[in-house]
Structure formats: C-alpha cells, structure tokens
Amino acid sequence: SIGTGGAGGKEGPIVQIGASIGSTFGQALNLSSDRLRILVGCGAAAGLSAAFNAPLGGALFAMEIILRTFNARSFSPIIIASVFGTWVARYWLGEEPAFAIPHYSLRSSYELIFYVGLGVASAVVAVYFVKSFLKIDELFDRLDSVPAWVRPALGGLLVGAIGLYLPGVYGWSHKSIDLSLYNQAPFYMLALYLVAKPLATGFTIGSGGSGGTFAPSLFAGAMLGGLFGQAMNYFFPEISAPPGAYALVGMGAVVAGATHASLTALIMVFEMTGNYEIILPLMMTIIISSILSRAVLGGSLYTLKFDKEGNGLDIYGRKVSILRNIPVSELIEPYQDFASLTDDYRTVVDKLHDSRFNEILVKNGEGVVGRITFAHIKTIALDDEARSILPFLVAEDLLLPDVPEAPPGSNAEDALTQMEERDVEFLSVFAGDGSRRFLGVVTKQRALNVYQSELLLEENQSDLSLR
C-alpha cells in the first residue's frame, strides 16, 4: 500500500508484524495470556524502535499504547526487545537519526508564549485528524454493496486525485517533512498539505489499505509547526526561532493530541531528531495538546477506533464491555465514618483523620445530608477571619450539601467516570424507591478490583477456548 502511494505510515505494518511474531512465539510455548501480552508488546516495541531508530520511544509506545501499563515485569523484556530491534536496524541501515536537522533552541523566553499557542493549534489539528479519519472509515464501512476488493481501489483513486496536485501525500512523505523542518516550503503549500494528509490517510486506511497513523500525524504536526513558525517569524522576527523549530515541536504535539501518548511523543521526537535544546517547549506543547484534545474527543485515535468496532476501551485502556456488565449493586460497601450535624470542629477533624478517605459523610438521623472534605476544612482553617471562630463551629457549618452518588441501576463504568470527573474517592448509593435510604458507598478501589477479577476470568476463559 505504501509503496504504491498509500498515505499510511510504515510503523503500523511493522508494529503489527512484530506483535504477530511475539504472539506466535508465545502461543507456540503455550504461555499464559499475561505473558503472551508481554511478548506482543516486545514484538511491537522492537519493530517500532527499528523503524524510527528510537529504542526508548519504541519501548514506551508498547507500554503506553499497546499494554497500557507501566510495571517492572513488562518493562525489562520490552526494553531488551527494543534494544535488539534497534541494534539490528542500525547494523543494516546506519545509526543516523530518522531526521537530520539543525539544532534548534529557544531564542527568547517570550517564545514560550508562542509555544502555548502552538499547543492549542496542535490540539485543533489532532481533533481534525482523528475525526476526519474516523468519519472516512465510517463512510467506507457503509459501502456494503461495494465488494471488499473494490474499496481499496476506490481509496487509492481518491488519494491519487489528491496526489496529482500534492504529490507529497504519497507514501511515507519523509521529504515533505524535511521541507518543513528546513523551512523550504511556502506557507500555502504547508497549509494544503496540513488539510490533505489526514484525508489521504483516511482514504488509504479506511478503504482497507495497510498503513499506520503515527507517521501521518507526525507529518501533520510538521506542516502545522512550519505554518505557525513562519507566522511567528513574520510578526516577531527578533524573538522567534526559525520555523523549523516550531515544525519539530509541532510533530510531537499533534502525535500526542491524536494518540494521547504524551511520553511516547516526547521521547520519540527527541530520539528521531537528536535535538535536546528544544525539550522545554516540546514538553509544554505536548501536554497542552494532549489535555485539550482529550477534553474534546474523549478518547484517542486508537481507543475511539476500538469503540467503533465494539471493542471499546476508555481513556485508561479499560474494557468498557466488562465495566458495563458490573452493576453498582455488586460494588456497594458498608460505610461507618459518619459525622453528626452537632459534632464540633475538633470531633470532625478527628473523624477525618481516622477515615480512610479525604472526606466524610454527615448524617442527620437516618439520612445523609452532606459531606465534609479535608480540602474544605483546610481552606477554612487558613482563613484569618474564620480561624478565630473555629472552636465554635459544628459540622452543620462545615458541610457541603452536594453528595456525589451512584444510581442503583448504574454500572461500574458510570461510577468510575463520575469519580474521575469529580475527583472523589467514593460515591454514595441510595435506595431507588424514593426513600433516600442510605445503602453504602462505591469506592474506586473496589470497582477496579472487581474489574481486574472479571478481566482475568475473561482471559482465562479465552485461553481455555484456544486449547
């Protein structure tokens, strides 16, 4: 697909091949699903490290995107696989970085303000990249009447139509990225490539062609950064670095915004270019792009694709299907750390201190009327005017009336989402018969423990079916 002009990236097939080798090797040894998963990550890490001459970036990609976890058990074998993959590639292909560019650095401290703007723009481009890709993929899925072998031809025809005027969208497009990094392309050309590349990638992969999305997102970031850098040099020539510096930072920022793998994007761009002087704006821009795009999209390019295929993952890599099958009623725990409305300030502080949570519920008779949080108590205690009357305050004066709760008919996904959005450790559960009778609490730890048990059970059943 890529050799004939398909607008996908080489990392997708390489990661797939490496993961397949790891999976085949693990199945031949009859390993457990946990060890098999680690071998899949090893193969993917070795392939990506070899493709981009980025051993640490490849390892982080496998852990941050594929395994979705960082732990010592998986870290060591993945690092070893990544090292050997890179060593073999360097033996045959050389040790030069993937992009040989000048060493850019901050020209002025004021430039950090420009990079904040680049972070916001990168988030917008990442959202455009993800939404356009998924929309095109959905359009091709709807072509049920068109034979499957015709769809890639149709996608190739559309990419070819774009390539007639913008040949840089073909294939891996390494030369087009260099044009932006070296500021050798006019403003309008960068803008056209920025719009066209995500569409061409969607036509290639969405129609059934083989290719990755990591490299095209690097391409889009380079075009955006070049555009932004030329604009900054036009308006603020005395304090702006060359446009290539912004192109370099834009590469990492758009990748982070599209994949939500901030650490991978940071390390890979650094390794592919060998430029450490630009690390500060790169770090800041990547984080801004990732946070903003996550707020808009609710997931990364990979998790949203899984969700569309019915194998949904949330932003933390948890299987949505399992979470939705765990009712809140199975997660309820008893709760005893109540405060009464008449408890004085010292009693409330003692109860907070003895509680395993950072907040306690306030009870009036049989009903829960509010909650008292450690953060709220701390704010009151630090206030000069309130400090003098602390001994006279009671729980009724300190409580917050809003009590985060989980409806009895909800599930673990609903509960975890609410706890993470509201930054609380537990949700109260009340009877659904209108009596508001307190049943207990659902804690984040309990929900995650039950999820892990259900996930392990599902994997064990899958292993048995394979045998």
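This text goes through the confidence of a predicted model, then its salt bridges, then its aromatic rings.

The mean pLDDT of the protein chain is 86, and 95% of its residues reach 70 or more. Confidence is highest in helix 8, residues 187-206, with a mean of 94, and lowest in helix 13, residues 301-308, with a mean of 73. Where pLDDT is low, the predicted coordinates should not be read in detail.

Next come the charged side chains. Side chains of opposite charge can pair when their charged atoms come close. The structure holds seven salt bridges. One of them joins Arg142 to Glu138, at 2.5 Å from N to O. Arg142 has a relative accessibility of 53% and so counts as exposed, while Glu138, at 28%, is partly exposed.

A second salt bridge joins Glu413 and Arg324, at 2.7 Å from N to O. Glu413 belongs to helix 19 (residues 412-422) and Arg324 to helix 14 (residues 320-324), so this pair ties together parts that are 89 residues apart in sequence. Glu413 is buried because its relative accessibility, 18%, is under 20%. Arg324, at 47%, counts as partly exposed.

Arg371 and Asp402 also meet in a salt bridge, at 3.1 Å from N to O. Arg371 lies in strand 3 (residues 367-373), and Asp402 in the loop between helix 18 and helix 19, so the pair links parts that are 31 residues apart in sequence. Arg371 is buried at 8% relative accessibility, whereas Asp402 is partly exposed at 32%.

The aromatic rings form 16 pairs. In one of them, the ring centres of Tyr335 and Phe426 are 5.5 Å apart and the planes are at 35 degrees, so the pair is tilted. Tyr335 is buried, at 5% relative accessibility, and Phe426 is buried at 2%.

Phe338 and Phe438 form an edge-to-face pair, with 5.4 Å between the centres and 80 degrees between the planes. Phe338 is in strand 1 and Phe438 in strand 5 (residues 438-443), so this contact ties together parts that are 100 residues apart in sequence. Phe338 is buried at 16% relative accessibility, and Phe438 is buried at 15%. Ring pairs link Tyr335, Phe338, Phe357, Phe426, Phe430 and Phe438 into a cluster.

Charge and ring also meet at Phe338: the charged end of Lys363 sits over its ring, 4.6 Å from the centre. The charged end of Lys10 sits over the ring of Phe52, 5.6 Å from its centre.

Key. Residues are numbered from 1 along each chain as its sequence is written. Side-chain values use heavy atoms; hydrogens and water are left out. pLDDT is the predictor's confidence in each residue, from 0 to 100. Helices (H or I, at least four residues) and strands (E, at least two) are DSSP runs, numbered from the N terminus. A salt bridge is a side-chain nitrogen of Lys or Arg within 4 Å of a carboxyl oxygen of Asp or Glu. Buried means under 20% relative accessible area, exposed over 50%, partly exposed in between (1.4 Å probe, protein chains only). Rings of Phe, Tyr and Trp (its six-membered ring) pair if their centres lie within 6.5 Å; planes under 30 degrees apart count as stacked, over 60 as edge-to-face and the rest as tilted. A charge sits over a ring if NZ of Lys or CZ of Arg is within 6 Å of the ring centre and within 35 degrees of the ring normal.
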